[in-house]
Amino acid sequence: MSQTRHVPVMLQRCLDLLAPALEATGSEAPVVVDCTLGLGGHSEALLAAFPRARLVALDRDKEALRLSGERLAPYGDRATLVHAVYDELPEVLERLGTPKVQGVLFDLGVSSMQLDEAGRGFAYAQDAPLDMRMDQSTGIAAAEVLNTYPPGELVRILRAYGEEKQARRIVSAVVREREKEPFSNSARLVELIRDALPQAAKRTGGNPAKRTFQALRIEVNGELGVLERAVPAAVRSLAVGGRIAVLSYHSLEDRLVKQVLAAGAANTAPPGLPVVPERYQPRLKLLTRGAELPTEEEVAENRRAAPARLRGAERIREDER
């Protein structure tokens, strides 16, 4: 499989955000964590841009780890690749004996490799088994979600995770069809969604199946629950002066990231104190004004960058014990 086609999203901006923490000249080599290794584009750039840095990279997808391992082999023992979900970050760092790190990067959403590998069932553009698990050795596949979840739960998932206004129509059609024959492949679901939607809904926003597929993927992989645990854990793992950069592709992801970083950057003192004690002072300084968006040039080069939102923060003080 060609690895050149993968263009990491907002790459230079991510490197610039993390640079002050990874260029610091202490005696210890700075450690940077890529929580979402994927095909290794961001990881390779981090190792190349910061020659003193050591990389710890996580992915739940064994195929991604294998391909990235080949790509990052020239960097030898500067790169440590770990099969783990990113909310397992504290345990991974503990095991490696580096509980505090200088940089953390998240590139959320589904990797290019998973979208492009026909057999995984992530993409609505080609027929494949409805799987969508990022780690195919565990958990339930998308077909099982479609075939077994109660209608109300399917409506909730499509609305919450896919922001699908036509959720009820689509679910009615799914329930009707699954009684005739369980779902197994993506093409049948795509066709059902096309047939279920009113004409006006088909004219906007690209492939009409996009939102349903996104919702199923988030449900199958427990992505929002994982993220809710992972971002606070990543912030806690930052040494003072360390920096975090997070790329989101979905408004729910971005909202979660925004809440965690904003809470860390807030002064938590009760109102009216003449002097704010250390324990109430902010632990983070925000590095982005709101969420930064990709440039038009970037979107032209890589259409998958279009929905990206980047937020960053710096650790400015320890948590009070």
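A residue is called buried when its relative accessible area is under 20%, exposed when that area is over 50%, and partly exposed in between, using a 1.4 Å probe and protein chains only. Ser43 has 0% relative accessibility, so Ser43 counts as buried.

Before we go further, a word on the model. This is a predicted model, in which local features need pLDDT of at least 70 and side-chain atom pairs count only at pLDDT 80 or more, while totals for chains, interfaces and linings use all residues. Residues are numbered from 1 along each chain as its sequence is written, and side-chain values use heavy atoms, with hydrogens and water left out.

Let us start with the whole protein. It has 14 helices and seven strands; these are DSSP runs numbered from the N terminus, with helices (H or I) of at least four residues and strands (E) of at least two. Of the 321 residues, 51% are buried. The accessible surface comes to about 15,000 Å², and carbon and sulfur atoms hold 50% of that surface; such areas come from the Shrake-Rupley method with a 1.4 Å probe, and for residues only the protein chains shown count as cover. Contact here means heavy atoms within 4.5 Å. Among the contacts with a separation of 6 or more, 70% are between residues 24 or more positions apart.

Now look for the sheet. Seven strands make up an open sheet with mixed pairing, and their order is S3-S2-S1-S4-S5-S7-S6; two strands pair if DSSP finds at least two bridges between them. At the edges stand strand S3 (79–83) and strand S6 (284–286), and each has a single partner strand, so one side of each is left without a neighbour in the sheet. On average, neighbouring strands of this sheet are turned by 15 degrees against each other, direction ignored.

We can walk across several strands by their bridges. Strand S1 (residues 31–34) runs parallel to strand S2 (residues 54–59), and four bridges join them. In this pair, Val32 of S1 stands opposite Leu55 in S2. S1 also pairs with S4 in the parallel sense, over three bridges, and Asp34 stands opposite Leu105 in S4. S4 itself is mostly covered, with six of its seven residues buried.

The largest one has 63 residues, of which Phe106, Leu189 and Ile244 touch the most other members. Helix H12 (residues 223–237) gives the largest share of this core, seven residues. Leaving aside neighbours within four places in sequence, Ser43 is in contact with Asp34, Leu37, Leu55, Ala57 and Leu72. The C-alpha atoms of Ser43 and Val33, ten residues apart along the chain, are separated by 8.6 Å.

Most residues other than glycine have a negative phi. Met132, in the loop between helix H5 (112–116) and helix H6 (142–148), has a positive phi near 70 degrees, and with a relative accessible area of 0% Met132 is buried. Glu163, in the loop between helix H7 (151–162) and helix H8 (167–180), has a positive phi of about 50 degrees. Glu163 counts as partly exposed, at 42% relative accessibility.

Finally, the cysteines. Cys14 is buried, with a relative accessible area of 2%, and Cys35 is buried at 1%. The count of disulfides comes to zero, where a disulfide is a pair of cysteine sulfur atoms within 2.5 Å.

Notes: Axes are lines fitted to C-alpha atoms, for helices over the stretch in contact, and angles run from 0 to 180 degrees between N-to-C directions. A nonpolar core is a set of buried Ala, Val, Leu, Ile, Met, Phe, Trp, Tyr and Cys residues joined through side-chain atoms within 4.5 Å.
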